[in-house]
Amino acid sequence: MKIKVLKPLHVNGKTVKAGDRVYNLEDLELDEKRAKILIEAKVIKQITITTKGDKNVNKKQ
Amino acid sequence: MLTKNNNIERYIGGGKIYIKLKGETEWREVGEIQKATVRGEVETVEAINYDSCMAITSARAPKKFTGSAEFSTNNINIENMAIAMLGKIEDVTFNTGDTLPDNTTATKEITIKCIKAGKSPIIEGSLKFIGDECGDVKPVFDIHNAIITPAEPFDYIAQEFQQLGFKAEILKTQKGYYDEYRMAVSK
């Protein structure tokens with residue numbers, strides 16, 4: 001799962017700022033269950049990475 | 001007859017202060033002590049003789065004896081800070097998604113220590129100063145019981161190492177008021 005941070009997070013004693021950077025779950029020390037909670041709280045959002053030229057572009061953001 | 005005083009004991013200030021708050025069983029080192037002072041004061045009543053135009057004190061009797069101590073430390077640990085805030089240390093638990101005190105969001109369950117200010121408006125305990133062994137004797141100053149209060153404001157932003165200052169109003173106990181032992185130091 002690829003995610004963007006919408007609001008500052010507390011990860012292992014450090015602050016991860018909101019921004020355009022794309023993270024993996026492991027980068028934020030998250031599992032899917034906790035990620036879902038944060039997505040519902042609109043603290044992070046799941047994104048889909050698309051490849052240029054792919055006809056089946058998934059524009060889900 | 002004049003006699004020479006051969007009993008000269010010098011002492012360069014230095015040592016450690018330990019604290020044992022009421023209800024605790026272990027002494028805890030305050031640490032990084034910067035200053036430690038003690039003061040005994042006596043209030044008296046006077047008998048004044050007015051037989052002449054000039055009043056003359058003819059007798060003086062003690063009516064009140066008070067003792068106090070002050071100390072400061074560079075050690076801003078949570079236990080010392082809790083005393084300075086007259087507070088209690090509590091564990092506060094936050095769940096995933098909760099907003100943390102620094103306005104970040106918890107990504108997992110986290111427990112953070114918190115000083116709840118004012119929850120211990122009266123902090124009572126024993127204090128012990130144990131001097132360094134740099135001289136022939138080391139002083140051990142024992143305050144059996146005292147009310148400990150913050151003595152100075154705390155600078156959250158400062159250009160020097162921050163200090164916590166405390167004042168101890170000494171209370172009398174069954175063991176006495178306060179004592180200083182002189183322990184010989186072997187060379």
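Which residue is the bridge partner of A:H10 in β6(B)? In this predicted model, the partner of A:H10 is B:A106. The bridge belongs to a pairing between β2(A) and strand β6 (residues 105–106) of chain B, which run in the parallel sense over 2 bridges.

**The interface of chain A and chain B**

The size of an interface is often given as the accessible area lost when the parts come together. Here, chain A and chain B bury about 890 Å² between them, with 60% of that area on carbon and sulfur atoms. On the side of chain A that touches chain B, β2 (9–11) and α1 (32–40) each supply at least two residues. The residues of this side divide into 8 nonpolar, 2 polar and 2 charged. Chain A brings 12 residues to the contact, and chain B brings 11 residues.

Strands of a sheet pair through backbone hydrogen bonds, either parallel or antiparallel. In chain A, 3 strands form an open sheet in the order β4-β1-β5, with antiparallel pairing. Because β4 (22–24) and β5 (44–47) of chain A stand at the edges, each with a single partner strand, one side of each is left without a neighbour in the sheet. From one strand to the next, the twist averages 45°. Within the pairing of β1(A) and β5(A), the bridge partner of A:V5 in β5(A) is A:I44.

| Strand pair | Sense | Bridges |
|---|---|---|
| β2(A) and β6(B) (residues 105–106) | parallel | 2 bridges |
| β1(A) (residues 2–5) and β5(A) | antiparallel | 4 bridges |

Technical notes: Residues are numbered from 1 along each chain as its sequence is written. Chains are lettered from A and ligands numbered from 1 in the order in which they are written. This is a predicted model: local features need pLDDT of at least 70, side-chain atom pairs count only at pLDDT 80 or more; totals for chains, interfaces and linings use all residues. Side-chain values use heavy atoms; hydrogens and water are left out. Contact means heavy atoms within 4.5 Å. Buried area is the accessible area (1.4 Å probe) that two parts lose on being put together, summed over both. Ala, Val, Leu, Ile, Met, Phe, Trp, Tyr, Cys and Pro count as nonpolar, Asp, Glu, Lys and Arg as charged, and the others, Gly among them, as polar. Two strands pair if DSSP finds at least two bridges between them. Axes are lines fitted to C-alpha atoms, for helices over the stretch in contact, and angles run from 0 to 180 degrees between N-to-C directions.
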